[in-house]
Amino acid sequence: MMKIDRQFFQKIAASVAIAGMMVIAIGDIVGAAERLNDGDSVNGVIRANSPTFRFRNQTRTGSPIQTATGEEYTFNAQQGDTIQISVDVEEGNLAPVLVLISSQNERQVAYDDTQNSLRYRVPANGEYRLLVLGQNNTRGRYTLSVSGISDNSVAQNPASPNADKRRQLLADEFGLRVLDNCPPATSSLVVVSFVESTQTYRYCASPNRVYRAGEYTYDAISGEIKTGAPVAQGSSSTNDAKRRILENEFGLRVLDNCPPATNSLVVVSFPESTQTYRYCANANRVYPAGEYTYDAVSGNLKQGTTVAGGSSSLNDSRRQILEDELGLRVLDTCPAATSSLVVVSFEESNQIYRYCANSNRNYPAGEYTYNTSTRNLQAGTPGRNSQRCAVSVAGVCVVK
């Protein structure tokens, strides 16, 4: 039965050729393609029994369809990403052929058979397939490296425990009819992004009287949908106020994306509410390489990193109190839903610092306030008898 199936796929593959379009055909179906993430360096091997693919070198007019064995990989990328792919041959006589295909329309978008590398700027969000093939029946082991994929990779209606909750929220609270998947063209749809930790979840829905077609972001604090899409790390948009601040006020030359290795760069974090925006720039005389945080109150860059909703820094005394004295395991950021967590507020002067941690036997899930006199937690949130927080600056609630 397996031989019949393979022959069936081979016949289908051979008939897929379309004028002006790269032909990718699978001869042997051997498991699922390996998924790549930004900064990955994976080991691969091409053997005589590796999966067989058909391809065409579109860089040469009239190039015939060829067949080669190799390995297949997939990754998700966002518009504006500059993907850099390279292959280092470790063993054997392997002469690599690299073929990059857009999964949206199965069209070849990049090809190389001489440099062992590819560079491609992504025009639209979507999934891409990468083939590493052995040219002229060459075989061997190799190391595949990939960079330039945004850390904030967008997942469309992901199969996670919160996926149905987000979908229900859009339907029940905002009256939106959510589609099963976002199509390639979304100009006529309502597109809502949920920013959770370092991940952005994107949903598409039909417009209604209240919400017209366009980009929106769900604000977990206010519980509202706000116009505009969330900014991924280091946006190159001329409308990016954070980038303009770094360039105009601090004289930094900001990169379009943060590379995997940042030890020689200036890395600046902008903590806002539950989201931290991260930018990378070349070091200069005033700002040597290292981690910095933009302080919105003073308008300066401070050394060290700050995470919205709390800090992951080892120098964070509040976090140390929660972990060392109270035995809580503190999260780096507070997620959108905190009903199952211990949420602790530190009230200092006119500012409130908020931390989230996993519950334990001593502290069940709920809202707490740190009491500086008893050095313990008391149930409830601070400022219940005062005005509610109206302004959030750099991840800190400012009570006026």
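This is a predicted model: local features need pLDDT of at least 70, side-chain atom pairs count only at pLDDT 80 or more; totals for chains, interfaces and linings use all residues.
Local features were considered at pLDDT of at least 70 and side-chain atom pairs only at pLDDT 80 or more, whereas totals for chains, interfaces and linings use all residues. Residues are numbered from 1 along each chain as its sequence is written, and side-chain values use heavy atoms, with hydrogens and water left out. Helices (H or I, at least four residues) and strands (E, at least two) are DSSP runs numbered from the N terminus.

With a disulfide taken as a pair of cysteine sulfur atoms within 2.5 Å, the count is one. In general, a disulfide is a covalent bond between the sulfur atoms of two cysteines. The bond here joins Cys-182 and Cys-204, whose sulfur atoms are 2.0 Å apart. Because the torsion about the S-S bond of Cys-182 and Cys-204 is about 110°, the disulfide is right-handed. Cys-182 lies in the loop between strand E13 (177–178) and strand E14 (190–196), and Cys-204 lies in strand E15 (residues 199–206), so the pair ties together parts that are 22 residues apart in sequence. Relative accessible area was used to class residues as buried (under 20%), exposed (over 50%) or partly exposed (in between), with a 1.4 Å probe and protein chains only. Cys-182 is buried at 9%, and Cys-204 is buried at 1%.

A nonpolar core is defined as a set of buried Ala, Val, Leu, Ile, Met, Phe, Trp, Tyr and Cys residues joined through side-chain atoms within 4.5 Å. The largest such core has 23 residues, and those with the most contacts inside it are Phe-75, Ile-85, Leu-130, Val-132 and Leu-144. Two or more residues of this core come from each of strands E3 (41–46), E5 (65–77), E6 (82–92), E7 (96–102), E9 (117–121), E10 (126–134) and E11 (140–147). Contacts were assigned to heavy atoms within 4.5 Å. Leaving out residues up to four places away in sequence, Leu-130 touches Leu-36, Glu-71, Glu-72, Tyr-73, Ile-85, Val-99, Leu-100, Leu-118 and Leu-144.

Salt bridges were counted where a side-chain nitrogen of Lys or Arg is within 4 Å of a carboxyl oxygen of Asp or Glu, which gives 10 salt bridges. Glu-72, one of the residues touched by Leu-130, forms a salt bridge with Arg-129, the closest N and O atoms being 2.7 Å apart. Glu-72 lies in strand E5 and Arg-129 in strand E10, so this pair ties together parts 57 residues apart in sequence. Both Glu-72 and Arg-129 are buried.

A salt bridge is also formed by the side chains of Asp-180 and Arg-167, at 3.2 Å from N to O. Asp-180 is in the loop between E13 and E14 and Arg-167 is in helix H2 (residues 163–174), 13 residues apart. Asp-180 is exposed, at 57% relative accessible area, while Arg-167 is partly exposed, at 27%. In a further pair, the side chains of Arg-202 and Glu-215 meet at 3.9 Å from N to O. Arg-202 lies in strand E15 and Glu-215 in strand E16 (residues 214–219), so parts 13 residues apart in sequence are tied together. Arg-202 is buried at 11% relative accessibility, and Glu-215 is partly exposed at 31%.

Thr-338 is located in the loop between strand E22 (329–330) and strand E23 (341–348). Its relative accessible area is 17%, so Thr-338 is buried. Neighbours within four places in sequence aside, Thr-338 is in contact with Val-343, Arg-354 and Cys-356.
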